[in-house]
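Have the model open as you read.

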Amino acid sequence: MKIPTTNSNDSIWKDVYTYARLPEQLEILNEIANNLWWVWNHEGAKLFGELAPKLWKQTEGNPVALLQRLSSKRIKEIIADDKLLAKISYVYNLYKAYIDVKPDCTRPSVAYFSMEYGLTNILKIYSGGLGILAGDYLKEASDCNINLTAVGFLYRYGYFTQSLSMDGQQIANYEAQDFTALPLTQIMDADGTPMLLEVPFQDHLVYAHIWKVNVGRIPLYLMDTDIHENSEWDRPITHQLYGGDWENRMKQEYLLGIGGILLLEKLGIKTQVYHCNEGHAALINAQRLADYIRKDKLEFNEALEMVRASSLYTVHTPVPAGHDYFDESLFGKYMGHFPQKLGITWQEFIDMGRTCPGSAEKFCMSTFALNTCQEANGVSQLHGKVSRNMFASLWKGYFPDELHVGYVTNGVHLPTWMATEWKIFLKDKFSKDVFSDQSNKDIWADIQHVPDAEIWNIRKALKNKLIEYIKTQYTENWLKNQGDPSKVVTVLDRINPNALIFGFGRRFATYKRAHLLFTNLDRLQKIVNNEDYPVLFVFTGKAHPADGGGQGLIKHIVEISRRPEFLGKIIFLENYDMRLARRLISGVDVWINTPTRPLEASGTSGEKAEMNGVLNLSVLDGWWYEGYREGAGWALTEKRTYDNQQYQDQLDAATIYHLLEDEIIPLYYAKNNKGYSPEWVQYIKNSMSQIAPDYTMKRMMDDYFARFYNKLAARAASLANNGNAIARSIAEWKKEVAEHWDSFTVEAVTFGGNSFQTIVGEDYAIEIIINRNDLKSALGIDLVYARENPENHNIEFVFSEPFELKKTVGSTLHFAIRHTAAEFGRLKIGFRVYPYNAALPHRMDFAYVRWIQG
């Protein structure tokens, strides 16, 4: 018998994870690394970079991963370096002095719910503007010492990492996150095992582990369903942000809403105000309703008063198509058991998400949010108006201009997005209070007295950083994608570090109109190839994997950038993330934003640029509609000339070319004998002193408290007193009005004089007598003036004025008004009767209206 020469079974492997164990004197580094304080405090990030520069770059600026990978040799070197140890101690003392401050209990506590949070590039739980805003909000809440708790998801794969094929096609790569190498802490039960959140779906339980991210002083709790306790059907709920089909989206929003409230309950966290950052979190109010009914023994309508009184909904989209709608069958599959918990019928429940109750409309999360939140807001002044028009059909008795939907214009977290060079400059040149008093224009006005050369030198330094970053990233990406090495050398050789640099970075949706600049390529190539006035355009951005139009636009720009006449003059940088954004918005000279008006709800990239002395060239839409100041940037008008969008695009493109050729480029190159343009520097000074203070996250945070949080907390507390007595009273009053609303009759309408032909400045009297009959409620009457729009024939609100109740005789109410005609032209007048209750926060809270004949 021949003896076999080999005999082996299959390899058996066991995963062993090894990492550096820090000695006791360096353990404080772990404490700093596991709190995102270091993200916006440059002393922290700088310290980690000095510990191991190569590792810092390899880990993409991740201090947790860096500390885990430190070699024993390097650890010994650090311990032996007294200078470095002193720095560690200094940074730790800064950190502790910040963290140990107790929350401000004079301001309401807030629970904040969002699908995404953009906090740092290493924690991939964000995709774009909505997440970046939420992340900035938590950082500012920490700086302002707010008692705020945030809830979201810990995505296994997050949003995709973008790469480009050699022909410019976007490739979406979903890379699993290693939670053990991130600044996260898993929440444990008392016995040391991972805390398990049980979320009851209609026919089974879904389980989630809970992770905590320390954002300075703010806790962010994240749910994770990718655990063995769940079925293969439920584990992917938290795999991808905005991934999967509509059913997975339904499961995510169920978990964020229902699970989010159960999470707070499990952790023993109670807050005064509940804030839905977009409609994704609307179902928090379904669970809160069920809790009030179960725990406080309230009836549904009483519970609704309590929930509404403490709830705020922020909308970020300007078009109806941007909201989440679910088919009744799919919605019923997950929410069908809820009406029983609430003591109402399925029809009543699903109608809370419909504009027209009883119709076959899909269930809209935003509509449900509006019906269960006392307050709602858009994210800029213009978007507030757009939102009132978008939601007007929910309150049919009122015009859009009369609705309660307000606005808070978005801002950006100054310490995160302002370059370190500028932060040092501000502390040196401005008041020491500049970061605690960011909205004070008197402080920012000091920039007008700073020598021009100092401003120019900061801008030059930041541009040089960007150029180096572009060369490094462009080379790495080109070679990674197997591009011809000789071509990348050609591109880099043609990049002029002294060029005027324009930046465009955002989500590549077609309405963002990144294509405008390429409308006339002959004109564009003359602009970029003027040797006396060199110009560089840098583009970056991701398109949603399902957005073929956006991906096609990226491919088109990449193809143009590789044409000989544009080589090194137009650059597309792949994988737009927070790290690239921070470099880009501080390094370019001009930030371009060209959305189709009025589709930019706010837009914050231009605000980030604003904080770094970068000038804006933008359509008057979103934040720039209210932010633009002449002599501090450039604007394309908000007015449409053409209904045809293609014609409008051509006109806007021509306007951009004109601004570039005749204003922006000549201004930048009007340099003196010292090598800079005094006129350009003056634009920067105007921009930073007149615009920047109004668009910080500090101002935004203050606005939310002044306009919404304070009054929500006060009213909710009032309704809860004496066993929710006022809430019960209001619910009973609404029930009585609803039952008898049709019973009142109009007995007389009397005009003093001829009110149909009045002279401006003259006054006239109107009297109205109403018999309430079976209706017990007080009533009010508005005199409403409107005008027909000659272009679209819509009836538009002009103003309204309340009648005065002169006397009450039994069930009869006598109203009168004396009005002075102040408007000229053909107007319409109407009389609008409504139920009156001083305990209501606004009319939309109970929008019963009857228009009566005059």
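How many cavities of 30 Å³ or more are there? The count comes to three. A cavity here is a set of points, on a 1 Å grid over the protein atoms alone, where a 1.4 Å probe fits but cannot get out, and its lining residues have an atom within 4 Å of a point. Grid points are joined across faces, edges and corners, and a volume is the space filled by probe spheres set on the points.

A word on ground rules. This is a predicted model, where local features need pLDDT of at least 70 and side-chain atom pairs count only at pLDDT 80 or more, while totals for chains, interfaces and linings use all residues. Residues are numbered from 1 along each chain as its sequence is written, and side-chain values use heavy atoms, with hydrogens and water left out.

Start with the largest cavity, which holds about 140 Å³ of space. It has 13 lining residues, and Tyr474, Trp478, Arg562, Phe572 and Glu574 are the closest to its centre. Two or more lining residues come from each of α20 (452-480), α23 (548-561) and β17 (570-573), with α20 giving the largest share, four residues. Helices (H or I, at least four residues) and strands (E, at least two) are DSSP runs, numbered from the N terminus.

Beyond its neighbours within four places in sequence, Ser163 is in contact (heavy atoms within 4.5 Å) with Gln169, Gln170, Ile171, Asn173 and Glu574. Is Ser163 buried or exposed? Its relative accessibility is 10%, so it counts as buried; the cut-offs are under 20% relative accessible area for buried and over 50% for exposed, with partly exposed in between (1.4 Å probe, protein chains only).

Next, the second largest cavity, at about 60 Å³. Its lining includes Phe504, Arg513, Thr594 and Ile656.

In soluble globular proteins, nonpolar side chains tend to be buried together. A nonpolar core is a set of buried Ala, Val, Leu, Ile, Met, Phe, Trp, Tyr and Cys residues joined through side-chain atoms within 4.5 Å. The largest has 172 residues, with Leu148, Leu220 and Met250 making the most contacts inside it. Helix α29 (residues 697-740) gives the most to this core, 15 residues. A second, separate core of 102 residues includes Ile443, Trp444, Leu524 and Ile656.

Terms used:
1 Å grid on protein atoms, 1.4 Å probe; cavity = no way out; pocket = protein on both sides within 12 Å on 5 of 7 lines; lining within 4 Å.
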